Amino acid sequence: MEAKAKRKPFHLSKSGKPAKYGDQVSSDVWGPAPVASIGGRRYFSLFQDCFSHEERIYFMRLKSDAFEMFKQYEAWVLRQRNAKIKELRTDRGGEYLSDEFTRHLNSQGIIRKLTTHDSPQTNGFAERAMGVHATTARALLLESGLPRSLWAEAVSFSCWLHNRSFMSANPDYRTPYEVGTGIKPDLSLLRTWGSFILVKDLNADKISSLVKPGRYLGPDEQSWGIRVYWPSKHTVTVEREVFLDVPAKSSRLLHDVTIEGEISDGSDPEHVNVYVDKASPSITNNPPYNPPLPNFPQEDEDPHASPSDDEVEDQLLQQEEDLPDDLHHPQPQPQPIQHPHPNNEEHPQLPPPKPRRIMGLEVPDDVDINAPRTTRTRRESISMPGFYQEKNQEVRGSSNSAFLHLNANSLLAMYDEIRDQYGKEFTHLPEITQAITFALASGNSESDTPLLDEALNGPDSDKWLTAIKAEADQIFKMDTMDIVDETVRNLPNIIGSGWVLRRKRDSQGNISRYKARLVAKGFSQRPGIDYNDTFAPTVRPSTIRFMLSLGATLGSSIEQADAKNAYLNGVLPHNEIIYMELPPIFLKLYPELVKRDKTAKANGKRLVCRLWRPLYGTKQGANKWYEELSRVLTGIGFVRVNYTTPEGRTSASRRKQ
């Protein structure tokens, strides 16, 4: 026995096939993935209904999120399949044996079936499905040549395809989707995963291509659209205007490089504009010359056989060297330093070296100030205007050096232009130096709208915490909401919450106030459940101009009133019940909530905010504030214009007809 002991065979289950949906569910967790997905996930949890063999996959950042994923799946089965889970089969992983997981199963009456150690065969449904999806995702990535960070998209497509494939274990070879819903699946949008497709460009100009190429990642389950991967941006979007039948790969529509000579404004993010500026020392009258188009391989070809970016640029450089002189830019190139020859007076005079200070600013040593300025700048050197430039400076660094590195080319080009047009002495005027210094100071200022984590971990954390406490106290003072403990599954919808922070400054640019505002994530509200009417009129600029003109004509005084926390003055009707996630910082501001939170979790409940008044960010916030404002103004003698109501707008439009 000691020498010949072998493992016992795994027999088929004797429990029989489940009788209906939800009677038996098998689950497993896969991960960690070697690379994170685009959404930052490294795990996924799979749930398979053993009656219909329909599967659901949920992606997770951490393995410990399996309990939250199970609750989502349990709610999905209850609402979408009108069934309740009776038995859950899993392995003995710690993610399934946590105390909260066990309490939840016991409270719902769900029977747990566990495998013995080192025996994954006893959980064969989930193990087999996990292996199929992992193998399919690997094959899709290898065949398409797409990056490995799209493994989550490949797994989702594999699961979507499984639920819509014929299953011999089901009666009449029906698909799992048909068994679960009673509807035959629609496969009209099914194409080869990772194949090239064309998407309508809604921002195309009048003479550019009306489509742009992308990669097919499968239909989207939440909307009637196609999930599209954009290689140049490394992002995934859902598109409706999609052309699935694309031309051959040799078509220019699928090339990712703009042909030399085509001037682009850089607004199309789906193309990589390759600009090669090489000036010609002379201009001659040569006949026109049409250079051959470079052959750029497609993305799904062999990456080892495709030229790199450096090889592509070298190819374009070589082609431009072969161009006639009249096609080069008439811009002089720097000549090598030569000693003056007495018999040769045709040698050009070299310009004096530029100073290391330009317009009162120190130039970094790694910036070549003697290099010629080109008329076309590469895309990465184009400075972004306004808000985007400020955010870009925050990411790259807020010091003068970082700002100067970012705008060195622009400053040098400005120096050349001012020196050539107005003379060298004009570049050192105090007004110009002061303007550049003010621009640098503006770029160095920290953001006035920091994120919550940045504010609480920064030097002004005490001031931000005081502002947040004042906002919360005002909310409770106006009876805006109550903090209640509820069972999550009994609530129709719970929306998220967030904080918007801002530094208020006076006319001198000094910080006058730290302001915090609690907002609701209204984008997760559902019509008919937690909101109905959203209409709220807004004033037209022409109306304001008319009132100012009328006041000036009549000699009347014009006053302006501002309502603090305007939306909090509205009142939610009884049929619009909004539940919001409890902001985590409330546990720090109000220590008495910590004990309530622990007690609620022990009873299988959670602390949530029950709103009685709309917060900023809710769908109906503006509508309820307008109704309350109308009630108050009507009560003191004002008359509301009919055109500002939805009924008035409808009647007015009919009268016009």
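I began with asparagine 170, which I found in the loop between α4 (151–162) and α5 (176–181). Helices here are DSSP runs of H or I with at least four residues, strands are E runs of at least two, and both are numbered from the N terminus. The model is predicted: local features need pLDDT of at least 70, side-chain atom pairs count only at pLDDT 80 or more, and totals for chains, interfaces and linings use all residues. Residues are numbered from 1 along each chain as its sequence is written, and side-chain values use heavy atoms, with hydrogens and water left out.

Is asparagine 170 buried or exposed? It counts as buried because its relative accessibility is 4% (buried is under 20% relative accessible area, exposed over 50%, partly exposed in between, with a 1.4 Å probe and protein chains only). Beyond its neighbours within four places in sequence, asparagine 170 is in contact with Lys17, Phe51, Ser52, His53, Thr175, Pro176 and Val179; contact means heavy atoms within 4.5 Å.

Next I followed α4 to its helix partner. Helix α3 (residues 124–144) and α4 pack at about 120°, with axes 8 Å apart. Axes are lines fitted to C-alpha atoms, for helices over the stretch in contact, and angles run from 0 to 180 degrees between N-to-C directions. The pair α3 and α4 is therefore oblique (under 35 degrees is roughly parallel, over 145 roughly antiparallel, 65 to 115 roughly perpendicular, and the rest oblique). I noted that the contact of α3 with α4 has nine nonpolar, four polar and no charged residues. In this count Ala, Val, Leu, Ile, Met, Phe, Trp, Tyr, Cys and Pro are nonpolar, Asp, Glu, Lys and Arg charged, and the others, Gly among them, polar.

Then I looked at another helix pair. Helix α1 (residues 66–80) and helix α2 (residues 99–108) pack at about 25°, with axes 10 Å apart, so α1 and α2 are roughly parallel. Among the residues making this contact are Phe67 and Phe70 of α1, and Phe101 and Leu105 of α2. By class I wrote down five nonpolar, two polar and three charged residues for α1 with α2.

My last stop was an open sheet of four strands, in the order β13-β18-β17-β14 with mixed pairing; strands pair if DSSP finds at least two bridges between them. Why is one side of β13 and of β14 left without a neighbour in the sheet? Both stand at the edges, each with a single partner strand. Two bridges join β14 to β17 (residues 578–581), and these strands run parallel. Isoleucine 495 has methionine 580 in β17 as its bridge partner.
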